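User: I am new to this structure and would like to learn how to read it. Can we go feature by feature?

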Amino acid sequence: FARGEYRKALAYFRENHLQSIKAGDSTQLWYDVLNMGDVMIELKRYDSARSLIDRAMKLAIHLGSRRKVADVEQLNAKYYERIGDYKKAFSALREWSVIDTSLINAETRQSLLEMEERFKSKQREQENRLLQTEVEAGKLRSRNLMIGLWSSLALIAASIVFIYLNRKKNRKLEEKNRLIEAQNEKLADLNAEKNSLISMVSHDLHTPFTTIQMWSQVLESGRADWNEEQ
């Protein structure tokens, strides 16, 4: 289809269509019908295209998917634009825009809420672990201080105890360092999620530009006898 070999593409879409019917897969069947309708438009077989687009709309409604209904409306706009019915093309494009915009807003809002909740949860977990680390470090310092006081009374015994505790302290500090490193890695993951959010919002800007492109094509394909005001 991308190379403009529409008859070959149609053969593959039809094979997919048969497999979807055998499998009873309504979702995949919708894709097949919509793709065949798009090919029929390119082949200028508009009667067949109209039938397939109507069937795709029925399947989308049956599946209860507003996203699929929006995609069918977008193909409707292409169909009416190709046959020169710009009023219906405008109506279909407007319907697609309303549905698509509402879906994008809902999906973006939900993604933001979920990402914010994950961020806050991990942030709370990070703060609790750091607090626990500080408490344990404080206890360790207090214990070392007591050992130092007792060492003044028994130098030999204190030296033996100090060596033992110093080794134990080093092991715990190593554990704490590993914990801090793990927390830093998690903070890096959160930063990556932030960057992913920025990328997703940037991607959502694609919708208004798609609308501008569609109407530019409609205006460019206008009748030759249109005047400047029209």
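Analyst: Start with the term helix. Helices here are DSSP runs of H or I with at least four residues, and strands are runs of E with at least two. The model is predicted.

User: How many helices and strands are there in the chain?

Analyst: The chain has seven helices and zero strands. Along the sequence the pattern reads α-α-α-α-α-α-α.

User: Now a helix pair. At what angle do α2 and α4 pack?

Analyst: Helix α2 covers residues 26-42 and helix α4 covers residues 66-83. They pack at an angle of about 10°, and their axes are 10 Å apart. Angles under 35 degrees count as roughly parallel. The two helices, α2 and α4, are therefore roughly parallel to each other.

User: Which residues make that contact?

Analyst: From α2 come Thr-27, Trp-30, Tyr-31, Leu-34, Gly-37, Asp-38, Ile-41 and Glu-42. From α4 come Lys-68, Asp-71, Val-72, Leu-75, Lys-78, Tyr-79 and Arg-82. By class, the contact of α2 with α4 has seven nonpolar, two polar and six charged residues.

User: What lines the largest cavity?

Analyst: The lining is Ala-77, Glu-81, Tyr-86, Ala-89, Phe-90, Leu-93, Met-214, Trp-215 and Val-218. Elements α4, α5 (86-151) and α7 (206-220) each give two or more of these residues. The largest share is from α5, with four residues. Eight residues of this lining are nonpolar, none is polar and one is charged.

User: And pockets? How much space lies in the largest pocket?

Analyst: A pocket is an open set of points, unlike a cavity. The largest pocket holds about 260 Å³ of space. Its lining is Asp-38, Asp-71, Gln-74, Leu-75, Lys-78, Glu-81, Thr-210, Gln-213, Met-214 and Gln-217. Two or more residues come from each of α4 and α7. Helix α4 gives the largest share, five residues. The classes are two nonpolar, four polar and four charged.

User: Which residues line the second largest pocket?

Analyst: The second largest pocket has a volume of about 180 Å³. Among its lining residues are Arg-67, Asp-71, Gln-74, Trp-96, Asp-100 and Ile-104. The lining also includes His-203, Asp-204, His-206, Thr-207 and Thr-210. At least two lining residues come from each of α4, α5, α6 (155-204) and α7. By class there are two nonpolar, five polar and four charged residues.

Conventions: Residues numbered from 1 in each chain as written. Predicted model: local features only at pLDDT ≥ 70, side-chain atom pairs only at ≥ 80, totals over all residues. Heavy atoms only, no water. Axes fitted to C-alpha atoms, helices over the stretch in contact; angles between N-to-C directions. Parallel < 35°, antiparallel > 145°, perpendicular 65-115°, else oblique. Contact = heavy atoms within 4.5 Å. Nonpolar A, V, L, I, M, F, W, Y, C, P; charged D, E, K, R; others polar. 1 Å grid on protein atoms, 1.4 Å probe; cavity = no way out; pocket = protein on both sides within 12 Å on 5 of 7 lines; lining within 4 Å. Points joined across faces, edges and corners; volume = space filled by probe spheres on them.
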